[in-house]
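Thanks for making time this morning.

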Amino acid sequence: RSKSGVRVNNRTALGHAPVWRGIKLIADWVKKLPVDLYRREDRGRVSVTGHPGENAIRRRANQNLLAGTLKQMLTAHAILFGNGYGLVFRNSKGQAEEIIPLDPLTTAKVMLEGGDVGYRYKIGRDEIVAEWSDVLHIRNLTHDGFNGYALVDVLKNALAPGIAARDSAAEHFGKGMGVAG
């Protein structure tokens, strides 16, 4: 709850028209941006073409999702929840072939044995841990370099008056009140 007592969560925030519009504008623009793949070398990064992962990042993330839709979804997740995650599936040669979105509410960064970073996520009732190299992580603004700030956590008190006004107006109009004049 906000300081004013208004319940502000991801769902109520997304139902607030300015929040919806802002997230949609940003995510739709990111969806349209071109993506280039690079390889790190001693002299810096080098653009890569013909890479097996190129299709997943530019055309089809997986058999059910276009790459642009994945970018749009992960961007919206990063803005609203603080983090957007995509699980990278690899072929027998270890090359990226598909990316599936992960639920940002059931995915978290964890420390693995040896100090490496990994990600714990849930699919159904199964809890799985993946290495950092198998997860595409898009984060919002961050204070630690790992976890993004969730919109609701940062703007709860700023969003509350708008959500309260919307709910109050809906309640009054729902009772048959109208504008006269």
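Let me start at Val154, which sits in helix α5, residues 151–174; helices here are DSSP runs of H or I with at least four residues, and strands are runs of E with at least two, numbered from the N terminus. Please keep in mind that this is a predicted model, in which local features need pLDDT of at least 70 and side-chain atom pairs count only at pLDDT 80 or more, while totals for chains, interfaces and linings use all residues. Residues are numbered from 1 along each chain as its sequence is written, and side-chain values use heavy atoms, with hydrogens and water left out.

Is Val154 buried or exposed? Val154 is exposed, because its relative accessible area is 52%, and exposed means over 50%, buried under 20% and partly exposed in between, with a 1.4 Å probe and protein chains only.

Turning to the strands, β8, residues 117–123, and β9, residues 126–131, pair in the antiparallel sense over six bridges, where pairing requires that DSSP finds at least two bridges between the strands. Within this pair, Tyr119 has Ala130 in β9 as its bridge partner. The two strands β8 and β9 form a hairpin with two residues between them, and Gly124 in the turn has a positive phi of about 65°.

A second hairpin is made by β1 and β2, again with two residues between the strands. Here β1 and β2 pair in the antiparallel sense over five bridges, and Tyr38 stands opposite Ser47 in β2.
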